[in-house]
Amino acid sequence: MTNVGLVAVSHSAPLAAAARDLALDMGRNAVIVAAGGTGGDGFGTNAELIASAIEEADSGAGVVVLVDLGSAVMSTEMALEFVDPDLAERTIVAPAPLVEGLVVAAVAASAGTDREAVAREAMGALASKQSDIPSEPAAADSPDSLSGAVSSGAAASGAAATAASPDTTDDREWHSRRFVVDDPAGLHARPAGALVAAVAPYDADVRVYHELAGRGPVLARSMTSLISLGVQEGDEILVQATGPDAQAALDAVGDLAARGWLAQGEAKPETTIPAHMRSPGSGLEIAVGPALVWRVVPREDVRQTTENQMEAYLEARETVRAYLSSLGNDPILSLQVGLLDDPVYASRITASIEGGNPAEVAVRSATQETVADYQNLPTEYLRERSEDVSALGDLLVQALHGIPLGGLRTAIRDFGRDPIVVLDSLTPALASEIDASRVVGILAATGSITGHGALIAAAKGVPVIAGKDIAREINDGEEIALEPRSGMVTVNPTREQLRELLRASKEQARLDEVAREHAHEPAMFNGRHIYVRANVAMANDARLGATNGADGSGLVRTEVLFADWEHIPTIDEQVEVFTEIAQALGADKQVIIRTWDVGADKPVAFFQSSHEENPFLGVRGIRLMRRFPQALIDQFRAIIRVAQHADVRVMIPMVTNVSEVTWAREMFNEAVQAEGRPDELPMFGMMLETPAAMLNVTAFDEKVDFFSVGTNDLIQYMAAADRGNAEVANVSEEVIPLVVDLIADAARVLDSPLGVCGDLASSEEHVPQLIRAGVASLSVRPGLVPRIKQAIRNIP
């Protein structure tokens, strides 16, 4: 049997070749010929090259040609005049997106589908280009066969519709399923992109609703449209599919949801700079230096040449793609590259150009419209992603004006002194250009420290302050001082101010150096050895902790260790991971392993829980384990096994009542029995994270062997303030002294040892009060161990 051949026609030879390679990865048995460029340098299309490609691709079953835009259509039509009439008759030029269409077409062609069906598959990937190419060739036998794809694409090509009720005017048979999005950031770019990829191979129209928010339907093949639904963690989405592969497409979405909204084979991503991996003062040092002001000022004129606007846009797009790709493989930059090809964003630009607007006007309008979509989303995290869209639009405009992209790296190198870079917006691209060895700090007029650019800079250890209007008033060469801990910016500091800042900076550096020199010595206070241990969320944390002199680990976060696993780890698998951590920290070091603390902001794929309006006050931690008792027993068994050759202890989280400890003890005893009642048993402890447990702490004293205070949750419950909400951060800060008093009171009345493992353990301001009250141990970020040890030694 011969398969239908495919031809990819593009103005860019590298783009056509890359699209071919991507499609062949999905449809390995397909015959795909790339016909990109003019045959020489530069951009354009060549009818003779296309004709030759059509002839090469044909093996008797016909050819489906996919093109990008503009003159590619004309060149392809001309190419069909050059080939044999019989071959031209069995060649279809499909009005489909080049990349997405080629991928699904390759899958269909590999399966032996006829050329009309292959063309329909390609067109089903996205229907936004059907106005550019007549669809009659693909529908010669059944003129109406593609009408469903056209109407579906038209309904979902833009932002999410306001009405979220299923469409009752569409009489096709739609199959429906509901899924909960458990990604901590909701349906943002990465899971949205995974959803697009999951449904792409299937012959089905798929649409998505966010009924609770009244948004939808949107086409499941557009990342921007999916993001525009504003789906947050724990929200439910309605996914509907129609067509031959409707059930298979829904199954694929179900598999994606079960994987935690990660693409097939994709590892669970870490944040750019995870809190538990930040080194002491990383990005928080006082920075003083001259300003290198970096601003790109676009030319005032708008390039308007009616004949070349589409080609100018396509050339600018490839220029931006090449620039972003040259900056490395950071996932944030990859998302921006992906946005270049997003069907909604790109179609807004091309439609505006086809309507007669200059390319620059089209780019600015599409960017503003897409930014508006993002800024209407319900969470600050999702709204901040609009910064990435704005940055991409600015790059496209620069490229349209012929302004060279990049250059910041060279400007820094040529500046002469290590500067503080001052800019309007710290984009991911600019942050990627910054060499941490040459830059002492960054000041941005807009954005926030959680923006993607700031995160990239912070991962390099560069101090960043963002969202300061004063940045727009600073001139090149002016002296600037940044104090990231307080957010203070001083322009042209006085000699006295400068002396004080430099003194503080040198003192900070000196203290860090002294702390590192004594990192492996015990931290003593009044003859007591205060153990400073490392919080561990991965094996690397244990190794870093050992390097920094940690006295073991006071908190092993098992839910983070296994967060990217698709199945619940077996007893043996947990034993292997726990043993690796214990060995990395040292055979004589104590390791406290916290049992599954799942729920709220810590979802895990293999523990399914129902949607809750307020998950922080719902079924999480030990409460959730009552639904999965065997999982808790198996984890206890793994810890018991490791206890036969290492000093490990077990600790249960999120305890409120004595009955929860009693039940957990029963599960522990079952694990002991199942392991044959070995001689070495780990000590059994609990976390103090709820006000009820703190106020009734003596009632637990006879039930457990030790306590550890989880200050992050305790502070948010005491303050009734979400720890991730900057709007109420001051409320949380004001209750910290009260929380410290509660911990101190508990340490004085308890017979069992009390440790602290939340962020408060890293506060040099409050450590003295905790230690004086009798706290026996602190567990901190691995990089902070030397500094906290030294802070204990310095307590008067």
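**Figure 1. Salt bridges across the whole structure.** A search of the whole structure finds 28 salt bridges. A salt bridge here is a side-chain nitrogen of Lys or Arg within 4 Å of a carboxyl oxygen of Asp or Glu. Side chains of opposite charge can pair when their charged atoms come close. This is a predicted model, in which local features need pLDDT of at least 70 and side-chain atom pairs count only at pLDDT 80 or more, while totals for chains, interfaces and linings use all residues. Residues are numbered from 1 along each chain as its sequence is written, and side-chain values use heavy atoms, with hydrogens and water left out.

**Figure 2. The pair Arg 472 and Asp 469.** The two side chains form a salt bridge, with 3.1 Å from N to O. Arg 472 is partly exposed, at a relative accessible area of 43%. Asp 469 is exposed, at 54%. The cut-offs are these: buried is under 20% relative accessible area, exposed is over 50%, and partly exposed lies in between (1.4 Å probe, protein chains only).

**Figure 3. The pair Arg 641 and Glu 675.** A salt bridge joins these side chains, 2.9 Å from N to O. The pair links distant parts of the chain, 34 residues apart. Arg 641 sits in helix α25 (residues 629-642). Glu 675 sits in the loop between α26 (658-674) and β20 (684-688). Helices (H or I, at least four residues) and strands (E, at least two) are DSSP runs, numbered from the N terminus. Arg 641 is partly exposed, with a relative accessible area of 27%.

**Figure 4. The pair Asp 705 and Arg 665.** Their side chains meet in a salt bridge of 3.8 Å, N to O. This pair also links distant parts of the chain, 40 residues apart. Asp 705 lies in the loop between α27 (691-695) and β21 (706-709), and Arg 665 lies in helix α26. Both are partly exposed: Asp 705 at 29% relative accessibility, Arg 665 at 24%.

**Figure 5. A salt-bridge network.** Arg 317, Glu 318, Arg 321 and Asp 341 belong to one network. Salt bridges that share partners join them.

Figure 6. Helix α16 (residues 386-400) has 15 residues. From first C-alpha to last, α16 reaches 21 Å, close to the 21 Å expected at 1.5 Å a residue. That expected span is 1.5 Å times one less than the number of residues. The helix is mostly covered, with twelve of its 15 residues buried. Among them are Ser 386, Asp 388, Gly 393, Gln 398 and Leu 400. Just after α16, Gly 402 takes a positive phi of about 75°.
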